[in-house]
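Please keep the model open while reading.

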Amino acid sequence: ESIDEAKRRGWIDIAYRGLFPEVANEIADGEKYDVVSMSHYLEHTRDPRAEIEAAKIVLVDDGLLMIEVPDPESRMGNILGSYWVPWFQPQHQHLLSVSNLSVMLRDNHFEPIVWHRGEAHQTNDLTFFVFTLLNRIAPPLDLPWKTSSGALSRLWRQMIWCPGLLLVGVFWAIDQLIAPALRREGWSNTYRVLARRTS
């Protein structure tokens, strides 16, 4: 529905509603594009290979594909374990290593131009670690599959989250301080690639 709303407001010129692989041919029939951007998108899709194939269909020869995704090879993922936010299940359906994405790109006639392994780092690992920890200690009360919460549950959540928000702020500051050390290959939580479509 947001696609239709964006079109109605004039924020976009052409609206295609549907999954990218399903509408790629329709898009290509109208106009081919110079650039396709998949920023924190591919990990949410059912079939990343089909998404890259769709990009190939809608791009002109020598068109550019930019992909930015969480890096499953990040050491922070190992250190924080299930508290590392890019593991984010079930929203993140696929986490692609650089080598696997490289194979997918080449199989679909894309030649990587540049990889950013450290520069793409997002400074939020410890912030979301604390946020996830607090949510496990005192889970949200308004989840549709839960029975209504009693006064004791509401009190418990307030007792954890009131001081917990201060802790989130402290760990946000730590994230900012250690960011330069994490903006390097092997530590960054995100990577990006710019690839050119070859004929």
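## Basis

Helices (H or I, at least four residues) and strands (E, at least two) are DSSP runs, numbered from the N terminus. The model is predicted: local features need pLDDT of at least 70, side-chain atom pairs count only at pLDDT 80 or more, and totals for chains, interfaces and linings use all residues. Residues are numbered from 1 along each chain as its sequence is written, and side-chain values use heavy atoms, with hydrogens and water left out.

## The sheet

Four strands form an open sheet with mixed pairing, in the order E1-E2-E4-E3. Strands E1 (33-39) and E3 (110-116) are the edges; each has a single partner strand, so one side of each lacks a neighbour in the sheet. On average, neighbouring strands are turned by 15° against each other, direction ignored. Axes are lines fitted to C-alpha atoms, for helices over the stretch in contact; angles run from 0 to 180 degrees between N-to-C directions.

Two strands pair if DSSP finds at least two bridges between them. E1 and E2 (residues 59-70) pair in the parallel sense over 6 bridges. Val35 has Leu64 in E2 as its bridge partner.

## Helices on the sheet

Helix H3 (residues 48-58) packs on the sheet and touches E1, E2, E3 and E4 (190-197). Contact means heavy atoms within 4.5 Å. The direction of H3 makes about 150° with that of E2. Helix H5 (residues 98-107) lies across E2, E3 and E4 and runs at about 150° to E3.

## Val60

Val60 sits in strand E2. Its relative accessibility is 27%, so Val60 counts as partly exposed (buried is under 20% relative accessible area, exposed over 50%, with a 1.4 Å probe and protein chains only). Setting aside neighbours within four places in sequence, Val60 contacts Lys32, Tyr33, Asp34 and Arg197. Val60 and Tyr33 are 27 residues apart along the chain, yet their C-alpha atoms are separated by 5.8 Å.

## Pockets

A pocket is an open set of points on a 1 Å grid over the protein atoms alone, where a 1.4 Å probe fits, with protein on both sides within 12 Å along at least five of seven lines; lining residues have an atom within 4 Å of a point. The largest pocket is lined by 27 residues; Tyr16, Gly18, Phe20, Val23 and Ile27 lie nearest its centre. Helix H2 (20-30), E1 and H3 each supply at least two residues of that lining.

The second largest pocket is lined by 14 residues, with Val85, Phe88, Gln89, Thr132 and Arg136 closest to its centre.
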